[in-house]
Amino acid sequence: MTTSTVSTPEAYQGQFGEFTITQSDRTGVIIYRAGLMVAALSFAIASALVLFNDNPIVIQALTPLYTCFSLALGVSLLTIHIYMALLHRLLQVFWLIGSISSFLIGHYDSEPFVVTVYNQPLTLFGVGFTFVALTGIYFKEAFCFNRAETKVLTVIVPLLLLGHLLGILPTQAEQFLLGAWATLFLVFALRKVVQAIPPDIGDKSVFTYLKNKSSVRV
């Protein structure tokens with residue numbers, strides 16, 4: 001006769017009552033972190049190619065790398081835990097706007113995608129929404145976990161994009177900021193790998209409270 005052991009979800013005391021963390025919760029966090037890692041690796045590889053090996057073949061390779069980055073970011077935005085449902089949806093909408101804009105630019109412009117975005121900064125009014133969503137993740141992580149790298153990233157990303165949009169940054173400054181962004185993004189993703197899972201899930205009693213409160217209002 002064989003016996004099977006069924007693991008009991010661990011119980012936690014939250015702000016509005018007791019809650020449990022299930023295997024599904026943990027899987028969601030793993031997917032969130034995997035998306036961040038793929039996005040960070042894709043972004044780092046693309047940035048390294050731009051900074052250290054700028055040639056026509058490399059430029060063509062940046063488009064699939066950007067696609068991989070964007071899709072992975074979308075996966076992370078689906079599985080991230082944010083208490084404010086409106087903010088969560090807003091970041092997803094930003095990602096969707098950026099993705100649609102990127103698709104249109106990539107398929108209806110004769111130049112390679114990255115060349116178009118670089119040479120025509122006004123395209124950032126569409127594509128830039130993808131990076132607004134990414135900055136939202138950085139801000140959330142900085143606020144919840146007090147991470148130094150995400151605090152810096154929350155400043156670097158808008159500084160680089162707005163600086164390029166307005167044409168006020170010299171090329172050397174843009175290259176420095178891009179390199180710092182790619183490096184700190186990798187640091188962030190790697191640190192998430194070794195972080196305990198429950199903090200990323202958060203206080204589920206808060207989610208329940210906010211959901212019930214919203215239902216009562218409706």
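Phe 143 is exposed, with a relative accessible area of 68%; exposed means over 50%, buried under 20% and partly exposed in between, for a 1.4 Å probe and protein chains only. The model is predicted, and local features need pLDDT of at least 70, side-chain atom pairs count only at pLDDT 80 or more, and totals for chains, interfaces and linings use all residues. Residues are numbered from 1 along each chain as its sequence is written, and side-chain values use heavy atoms, with hydrogens and water left out.

The structure holds 13 aromatic pairs. Rings of Phe, Tyr and Trp (its six-membered ring) pair if their centres lie within 6.5 Å, and planes under 30 degrees apart count as stacked, over 60 as edge-to-face and the rest as tilted. The ring centres of Phe 43 and Trp 181 are 4.5 Å apart and the planes are at 40 degrees, so this pair is tilted. It links distant parts of the chain, with Phe 43 in helix α1 (residues 23-52) and Trp 181 in helix α7 (residues 171-194), 138 residues apart; helices are DSSP runs (H or I, at least four residues), numbered from the N terminus. Phe 43 is buried at a relative accessible area of 9%, and Trp 181 is buried at 2%.

Phe 139 and Phe 143 form a stacked pair, 6.4 Å centre to centre with 20 degrees between the planes. Both lie in helix α5 (residues 124-145), four residues apart, and are separated by about one helical turn.

Ring pairs also link a cluster that includes Phe 43, Tyr 66, Phe 131 and Trp 181. Phe 131 touches Val 157 and Leu 161, among others (heavy atoms within 4.5 Å), not counting residues up to four places away in sequence.

Definitions and conventions
Helix = DSSP H or I, 4+ residues; strand = E, 2+ residues; numbered from the N terminus.
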